[in-house]
Amino acid sequence: MKAVFYEIFGEPPHMANLPDPSPAPEGVVIKVEASGLCRSDWHGWQGHDPDIVLPHVPGHELAGTIAAVGAGVRRWRVGDRVTVPFVGGCGRCPECHSGNHQVCEYQFQPGFTAWGSFAEFVAVDYADTNLVRLPDALDFVTAASLGCRFVTSFRAVVDQARVMPGEWVAVHGCGGVGLSAIMIARAMGANVVAVDLTEEKLSFARELGAVAAVNGRAGDVPAAVREVTGGGAQVSIDALGHPSTCFNSIASLRRRGRHVQVGLLLGEHARPPIPMDRVIAHELHIMGSHGMQAFRYADMLAMVETGTLAPQRLVGKRIALDEAPAALMAMDRFDGVGISVIDRF
Ligand SMILES: [Zn+2]
Ligand SMILES: [Zn+2]
């Protein structure tokens, strides 16, 4: 199969011809029809993710058609149209039994713990627990764009922050995660404040339903958010993953507010300073959001099918697989608006 391949962290990835994968006993092989490009793929290529063993094929936001099925798989057949959350649970550990596959101790992540979807085929383990059937009306490109950023934002807004109608939600960073969070928070009836450094992204955030925008270049972000929200947001999300956006998000909250960390903090940014004095004095809540369980897709897809959520609006560039090495290397530049998706293999 054709795939994007690297053997050394930080050296340019290249196109390679690799053996086609075969399914694990409880896994499937998926013919990839679309694969999103994500900053986590860039972090992985830089060597920031300890799960990656070289050599490697990146890619974790995928949708496609099942091409082969392991002997122990019960629910799936060749030809089924599917996607997967980027974190797959084993289905049999205490976390999985409690319904929290997204923090499974034995989790499977295509593109991190195994070879990923910047390829014609990808093997996915624990298929009965983790595959999601695509509604007929949902195209592969939109389905792929859900895999990491949209579902993690859905979990952040709906299941972790439990956003209520009328609450203020501040979203720091308007890349794929932030724009997803804005769309979802708006659909939940919240008032959204978007924060970014570029006017282009802030104006797109307004189109997606943000009622206010703060340009971080203008100065004190937490003060600006407190001003717009009349004392601070009930919910604030660091959708970028940087020590300054993490700090600003927490400092943007009103008393008893909830911060959700969605943007990854890796490498030198892994342990950012946090205003813990304020966390105590104002009884702030700090949570993470790490993917979403496959069984939670049903509610989200119902909102997509009715048009309440329109993730296809977040899809930016569509590229061919052989353009992916250059696009991957450029992921740290935050160019363009929306999610880039590989749709030709
Ligand atoms: Zn598990
Ligand atoms: Zn991702």
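## Terms and model

Helices (H or I, at least four residues) and strands (E, at least two) are DSSP runs, numbered from the N terminus. By this naming, Ile274 sits in the loop between strand E12 (253-261) and helix H9 (276-281).

This is a predicted model, in which local features need pLDDT of at least 70, side-chain atom pairs count only at pLDDT 80 or more, and totals for chains, interfaces and linings use all residues. Residues are numbered from 1 along each chain as its sequence is written, chains are lettered from A and ligands numbered from 1 in the order in which they are written, and side-chain values use heavy atoms, with hydrogens and water left out.

Cys96 has a relative accessible area of 5% and Cys104 one of 2%. Both therefore count as buried (under 20% relative accessible area; exposed is over 50%, partly exposed in between; 1.4 Å probe, protein chains only).

## Backbone features in loops

The peptide bond from Leu54 to Pro55 is cis, with omega near -5°. Pro55 belongs to the loop between helix H1 (39-46) and strand E4 (61-69).

Tyr126, although not a glycine, has a positive phi of about 50°; this residue is buried, at 17% relative accessible area. Glu283 also is not a glycine and has a positive phi of about 50°, but Glu283 is partly exposed, at 47%.
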